[in-house]
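Please read the points below beside the sequence and the model. They are meant for someone who has not looked at this structure before.

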Amino acid sequence: MNLEGKVAVITGAAVRIGRAMALALAEAGVDLCIHYHHSNEAAEETCEEVSTRGREAICVSADLSDPVTASVAIFEAAVTRFGKVDILINSASVFENKGLTDSTESDWDSHLDINLKAPFFLSQRFAEQLQSGQTGQIVNIVDWRAQRAGKGHLAYRISKAGLVTLTECLALELAPAIQVNAIAPGAILPPPGEDRSYLDQRAQKVPLQRAGNTDEICSALLYLLRSEFVTGEVLTVAGGEQLTGGL
Ligand SMILES: NC(=O)c1ccc[n+]([C@@H]2O[C@H](COP(=O)([O-])OP(=O)(O)OC[C@H]3O[C@@H](n4cnc5c(N)ncnc54)[C@H](OP(=O)(O)O)[C@@H]3O)[C@@H](O)[C@H]2O)c1
């Protein structure tokens, strides 16, 4: 896909990896719908940074724990402003380290609603607004943990495993008009509340002996969006950590 003049919706795009992807797409010529939940000021700043790169952006706040309502609100705002959406990137996520004994029903609900059901209903809205002859791309941000069993992060792992399966199923459901792929990051940014030492510790068990960075996720994203013969694929960007399971 030639990205110049395309329109993308990115969820969780005010900060961190979502923000980096928004700015990378703006540099590639894409207009943006920056979805956020609580990060109001950061979302405005991201929109301004998109403008300084010569592209247009709107910010839309929506709570993805109410996936149907949120997906309607996000696509109404984007289509009203830009007239179409060509790219959907599902990046917003919750990430709780809960295991068998301490996971509550509310942990399950939030992980499944935000990490899995929201991407599904956003994909549904995305597909229905696509006009005849228009092509589209969906990229779901998963995690290498989605494809490997391990202890901890139970609801998170399973929600992301579901998102990998959703990626593959939608690649079939939506072909040939829409390509659907996923990126599985490894250690890129420390989780909120952790500092750089979290990544340094993780890096010791990464075969390539370092943490990754947001530029490496953006390169993977641009590769997938520009490719016209890749669908149903998970591109792992984790320095080989997926092979060892972080052990
Ligand atoms: N960081 C890493 O190293 C890493 C590693 C593996 C996979 N990943 C995946 O990569 C993606 C981006 O990671 P990240 O660390 O940059 O993300 P993050 O900071 O954990 O979360 C991204 C955004 O999700 C939004 N969000 C959370 N709950 C929401 C809700 N109820 N409704 C709407 N939005 C909600 C938040 O928006 P607001 O701030 O506006 O509230 C948050 O900024 C995620 O899918 C993550 O699972 C990241």
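The points below cover the pockets, the ligand, the cavity and the salt bridges.

1. Basis. This is a predicted model, in which local features need pLDDT of at least 70 and side-chain atom pairs count only at pLDDT 80 or more, while totals for chains, interfaces and linings use all residues. Residues are numbered from 1 along each chain as its sequence is written, and side-chain values use heavy atoms, with hydrogens and water left out.

2. Largest pocket. A pocket is an open set of points on a 1 Å grid over the protein atoms alone, with protein on both sides within 12 Å along at least five of seven lines; a lining residue has an atom within 4 Å of a point. The largest pocket has a volume of about 990 Å³, where volume is the space filled by probe spheres set on the points, and points are joined across faces, edges and corners. Its lining consists of 39 residues, and R16, S91, A92, S93 and V94 are nearest the centre. Two or more lining residues come from each of α1 (16–27), β2 (31–36), α5 (154–174) and α6 (196–203). Helices (H or I, at least four residues) and strands (E, at least two) are DSSP runs numbered from the N terminus.

3. By class, the lining of the largest pocket has 22 nonpolar, ten polar and seven charged residues. Here Ala, Val, Leu, Ile, Met, Phe, Trp, Tyr, Cys and Pro count as nonpolar, Asp, Glu, Lys and Arg as charged, and the others, Gly among them, as polar.

4. Second largest pocket. The volume of the second largest pocket is about 420 Å³. It is lined by 17 residues, with R202, E241, G245, G246 and L247 closest to its centre. The element that gives the most to this lining is α6, with three residues. The lining of the second largest pocket divides into four nonpolar, six polar and seven charged residues.

5. A polar backbone atom of L64 lies 2.8 Å from a nitrogen atom of the ligand.

6. Cavity. A cavity is a set of grid points where a 1.4 Å probe fits but cannot get out. The whole structure has one cavity of 30 Å³ or more, and the largest cavity has a volume of about 50 Å³. Residues that line the largest cavity include T11, L64, N90, S91, I114 and K160. Helix α4 (105–129) and helix α5 each supply at least two lining residues, and α4 gives the most, with four. The lining of the largest cavity has seven nonpolar, four polar and one charged residues.

7. Salt bridges. Side chains of opposite charge can pair when their charged atoms come close. A salt bridge is a side-chain nitrogen of Lys or Arg within 4 Å of a carboxyl oxygen of Asp or Glu, and the count comes to 14. R19, E27, E49 and R53 are linked in a network of salt bridges.

8. A pair between distant parts of the chain. R55 and E4 form a salt bridge at 3.3 Å, N to O. The two are 51 residues apart, with R55 in the loop between α2 (40–52) and β3 (57–61) and E4 in the segment before β1 (7–10). E4, at 53%, counts as exposed.

9. Two further pairs. D86 and K84 meet in a salt bridge at 3.0 Å, N to O; D86 is buried at 1%, whereas K84 is partly exposed at 22%. D107 and K98 meet at 2.7 Å, N to O. D107 sits in helix α4 and is buried at 9%, while K98 is partly exposed at 22%.

Definitions and conventions: Buried means under 20% relative accessible area, exposed over 50%, partly exposed in between (1.4 Å probe, protein chains only). A polar contact is a pair of N or O atoms within 3.5 Å; within protein, one must be able to donate a hydrogen and the other to accept it, and residues adjacent in sequence count only if both atoms are side-chain atoms.
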